[in-house]
Amino acid sequence: MPSQHKTYWHLKEARRVPSTYEIGTSRLLYHVERGGFAVDLPTGEWYVRHQTGSPLLHPRWEEFEDPRATTYSSYVRMQREQEAYLARVFAPTAVANGAGALPADWLQILEATFSPLRFLFHGLQMAAAYVGQMAPSGRIAVTALFQAADEVRRIHGIARRLGQLRDQLRGRSPDFGADGRERWQSDPCWQPMRRAVETLLITYDWGEALVALNVCLKPMVDHLFTAEFATGAERQGDHADAQMLRSFADDCAWQRAWTMRLLLGRKTAGGDPVARWVARWQPLAEEATVAAATSLGASGPASAARATAAAVAWMEPLKSDRRDAD
């Protein structure tokens, strides 16, 4: 009789009962193992060019492990708790007439920033989804797609808050935040960021898309519009928005953690592609961050400086890793 494989036989080398995370994320992409799709279609050529043809290489991408070991059930449970927390923060009894008590100049900053941020985060969500689609390992794909879901949570949270502010300011500013698309498309402070995001969305090599998004652009954006923005909100007595932004910062910290784990110890082809991509994208990210920070008012330049410095410091282990390899 032919030998019978036990359930989860592909995890038997660990010589232990596999975790839920290992079962749910291991060897999900058959086309990577077999060297292509079962049917020859134009899609296959796209993956050959932009996935297997990427200079970002590793002999065993499947060995990557999400530092949080996120599964669908753990993600839903964790974010349900976060959303329940925000529901309490923004409960009508907690923020009744809250907008009316905020300084007028701070309300102008919220209007100039919150509404365009929806479009920025939507671009980051699409980029994360593309990285997940093109990833050469199921574990990377799953992790990137949870990141895309995090961006949807940010968009939803900000849109909900905008609606609440508009209701509270109905007598003073009934169209509060309604010009977000126009600001995103025309306001000079957002144009470098829009250019960076739109360039990212036509960056098709999966490795470059990952580095441009998670190493260069997102760390600066996240530091600016979570940590720095939250600190500014606290100074203005806007504790509700500060708590919302800090809940988003928890997601961003995990995104940086899994990116660092993935890229440390990588192999490269034809020199170091990560260094080349960082050299190409970091100036664009810094320009976009500095310009977008002006939406935060007088504190914007200092906030941008701190955000870029924090992102560059976070990047340093990647540079050290390549020096050690050389």
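**Close-up views of a predicted model**

**View 1. Helix H11, residues 206-235, end to end.** The 30 residues of H11 should span 44 Å at 1.5 Å a residue, which agrees with the 40 Å between its end C-alpha atoms; the expected span is 1.5 Å times one less than the number of residues. Helices (H or I, at least four residues) and strands (E, at least two) are DSSP runs, numbered from the N terminus. This is a predicted model, in which local features need pLDDT of at least 70 and side-chain atom pairs count only at pLDDT 80 or more, while totals for chains, interfaces and linings use all residues. Residues are numbered from 1 along each chain as its sequence is written, and side-chain values use heavy atoms, with hydrogens and water left out.

**View 2. The bend and the ends of H11.** H11 bends by about 50° at Lys218, the bend being the angle between axes fitted to the seven residues ending there and the seven starting there. A proline, Pro219, follows within four residues. At the N-terminal end, Asp205 caps H11, with a side-chain oxygen 2.9 Å from the backbone nitrogen of Gly207. Gly237, with a positive phi near 75°, follows H11.

**View 3. His223 in H11.** Of the 30 residues in H11, 26 are buried (under 20% relative accessible area; exposed is over 50%, partly exposed in between; 1.4 Å probe, protein chains only). His223 counts as buried because its relative accessibility is 18%. Leaving aside residues up to four places away in sequence, His223 touches Glu228, Arg256, Ala307, Ala310 and Ala311; contact means heavy atoms within 4.5 Å.

**View 4. The largest nonpolar core, with 84 residues.** Phe114, Leu120, Phe225 and Phe229 touch the most other members of this core. H11 supplies its largest share, 16 residues. A nonpolar core is a set of buried Ala, Val, Leu, Ile, Met, Phe, Trp, Tyr and Cys residues joined through side-chain atoms within 4.5 Å. Beyond residues up to four places away in sequence, Phe114 touches Ile158, Arg161, Leu162, Leu165, Phe229, Asp241, Met244 and Leu245.

**View 5. Ala69 in the loop between strand E1 (56-57) and helix H4 (72-89).** Ala69 has a positive phi, near 50°, and is not a glycine. Most residues other than glycine have a negative phi. With a relative accessible area of 33%, Ala69 is partly exposed.

Key: Polar contact = N/O pair within 3.5 Å; in protein donor to acceptor, adjacent residues only side chain to side chain.
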